[in-house]
Amino acid sequence: MPVDGEIMKGFSKENLVFSETLQEWITHLALDIKANSRDVVKCSADGTVKAIKSDPRYGLTVIVEHSAGFQTIYSNLLTAEFIVEGEQVTQGQTLGTIGSTAVFEIADESHLHFEMLLNSEYVDPSLYINN
């Protein structure tokens with residue numbers, strides 16, 4: 001798990017979930033993991049930092065590329081000054097801290113928006129991570 005906390009909103013590619021912020025039913029291609037502001041976010045597996053960016057919907061975001069076609073995406077961060085693009089990172093290494101920068105989820109409790117892709121297709125992170 002990239003952060004200690006319970007899953008407050010699961011991955012939902014086929015079924016719609018209600019967005020408090022948008023006040024509508026949407027798909028949710030991530031896990032939202034409840035965490036306190038400034039809690040440490042850790043890398044879920046060894047990889048390379050592909051990007052650190054400010055996403056217009058999900059705020060400060062770190063993208064890590066892993067072996068076998070996997071990518072993990074960590075959004076709604078306050079900080080990411082512990083790493084740089086191109087850096088090799090290891091499982092458990094600090095990537096940043098929890099914030100409230102995700103405009104699309106601003107009405108939700110403090111959390112990490114955690115996405116996972118396999119060969120550029122969204123997959124349910126809960127199938128690959130240990131709680």
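The following legends describe close-up views of a predicted model.

View 1. When its neighbours within four places in sequence are set aside, tryptophan 25 is in contact with Leu16, Val17 and Phe18. Between the C-alpha atoms of tryptophan 25 and aspartate 108 the distance is 15 Å, although 83 residues separate the two in sequence.

**View 2. The cavity and its lining.** The structure contains one cavity of 30 Å³ or more. The volume of the largest cavity is about 50 Å³. Its lining is made up of Lys9, Ser19, Thr21, Leu22, Ile26, His28, Tyr58, Phe104, Glu105 and Asp108. By class, four of these lining residues are nonpolar, three are polar and three are charged.

**View 3. The largest pocket.** The largest pocket has a volume of about 270 Å³. Of the 15 residues in its lining, Arg57, Tyr58, His113, Glu115 and Tyr122 lie nearest the centre of the pocket. Two or more lining residues are given by each of strand 3, strand 6 (47-55), strand 7 (59-65), strand 8 (70-79) and strand 11 (111-118). Strand 3 supplies the largest share of the lining, with three residues. The lining of the largest pocket comprises six nonpolar, five polar and four charged residues.

View 4. Strand 11 is largely enclosed by the rest of the structure, because seven of its eight residues are buried. Strand 4, residues 31-34, pairs with strand 11 in the antiparallel sense over four bridges. Within this pairing, isoleucine 33 has leucine 112 of strand 11 as its bridge partner. Strand 8 also pairs with strand 11 in the antiparallel sense, here over six bridges. Phenylalanine 70 stands opposite leucine 118 of strand 11.

**View 5. The hairpin of strands 11 and 12.** Strand 12 consists of residues 121-123 and runs antiparallel to strand 11, to which three bridges join it. Leucine 118 has glutamate 121 of strand 12 as its bridge partner. The two strands form a hairpin with two residues between them. In the turn, asparagine 119 has a positive phi of about 50°. Leucine 118 is therefore shown with two partners, glutamate 121 in strand 12 and phenylalanine 70.

View 6. Strand 6 and strand 7 run antiparallel and are joined by seven bridges. Aspartate 55 stands opposite glycine 59 of strand 7. The hairpin that joins strand 6 to strand 7 passes through three residues. Strand 6 also pairs in the antiparallel sense with strand 9, residues 88-89, over two bridges. In that pairing, glycine 47 has valine 89 of strand 9 as its bridge partner. Both strand 6 and strand 7 are among the elements that give two or more residues to the lining of the largest pocket.

Terms used:
Residues numbered from 1 in each chain as written. Predicted model: local features only at pLDDT ≥ 70, side-chain atom pairs only at ≥ 80, totals over all residues. Heavy atoms only, no water. Contact = heavy atoms within 4.5 Å. 1 Å grid on protein atoms, 1.4 Å probe; cavity = no way out; pocket = protein on both sides within 12 Å on 5 of 7 lines; lining within 4 Å. Points joined across faces, edges and corners; volume = space filled by probe spheres on them. Nonpolar A, V, L, I, M, F, W, Y, C, P; charged D, E, K, R; others polar. Buried < 20%, exposed > 50% of the residue type's maximum accessible area, 1.4 Å probe, protein only.
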